[in-house]
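The sequence and model are shown first.

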Amino acid sequence: MPHRTLLAANDNPFQSVSDFFTSSTWDFMLRMAIVVAVALWLACAYWVFKDARRRIDDKVLLTVAALTGLVFGPLGLIVYAIVRPPEYLDDVRERDLEVRMMEQRLADEQRCSFCKTPVRDDYLVCPTCGRRLRTVCRSCRRPVEPQWRVCPYCEAEVHGAPVASEPARR
Ligand SMILES: [Zn+2]
Ligand SMILES: [Zn+2]
């Protein structure tokens, strides 16, 4: 038998190549390649799942995305990266909150902060509950905001302006 192998090696110049592919080195490399491929596959699936969780609220869609990553590996990742929602859920929520707060602030500015009666910019007290909204400048009698220190109309100092929390009516 060893004699025949030797003969074959002499006859066939590709024998050494063929030997390499049946050798344990090749076997080891193949195994390593499979391990690396599986690790890469799982990493893709994990990345898709992790990213999808931050972008997708819907449970069904999230499952579909996670399965795409798990079943199709790197290909699934590419497809997911193309079709995924462009924004993180946190960013969307934060923006919604900001918009709502801005609307609230706008709405608050035109209402009495105590009884929510709509008031105008130049009202000194709320017509419904009598709470003081603004004071008047002592020198020019124009309405000034409680936080102002100087009257913007006549440059007079605004002294001890009563804060909006104390009622004007006694
Ligand atoms: Zn009021
Ligand atoms: Zn003034």
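A charge sits over a ring if NZ of Lys or CZ of Arg is within 6 Å of the ring centre and within 35 degrees of the ring normal. The model is predicted, so local features need pLDDT of at least 70 and side-chain atom pairs count only at pLDDT 80 or more, while totals for chains, interfaces and linings use all residues. Residues are numbered from 1 along each chain as its sequence is written, and side-chain values use heavy atoms, with hydrogens and water left out.

**Charges over rings**
- The charged end of arginine 131 sits over the ring of phenylalanine 114, at 4.4 Å from its centre.
- Arginine 54 lies over the face of tyrosine 88, 3.9 Å from the ring centre.

**Aromatic pairs**
- Rings of Phe, Tyr and Trp (its six-membered ring) pair if their centres lie within 6.5 Å; planes under 30 degrees apart count as stacked, over 60 as edge-to-face and the rest as tilted.
- The structure holds 4 aromatic pairs.
- Phenylalanine 20 and phenylalanine 21 form an edge-to-face pair, because their ring centres are 5.6 Å apart and their planes stand at 70°.
- Phenylalanine 21 also pairs edge-to-face with tryptophan 26, at 4.7 Å centre to centre and 85° between the planes.
- Phe20, Phe21 and Trp26 form one aromatic cluster.

**Exposure of the cluster**
- Phenylalanine 20 has a relative accessible area of 37% and is partly exposed (buried means under 20%, exposed over 50%, partly exposed in between, with a 1.4 Å probe and protein chains only).
- Phenylalanine 21 is partly exposed at 43% relative accessibility, and tryptophan 26 is partly exposed at 27%.

Key
Chains are lettered from A and ligands numbered from 1 in the order in which they are written.
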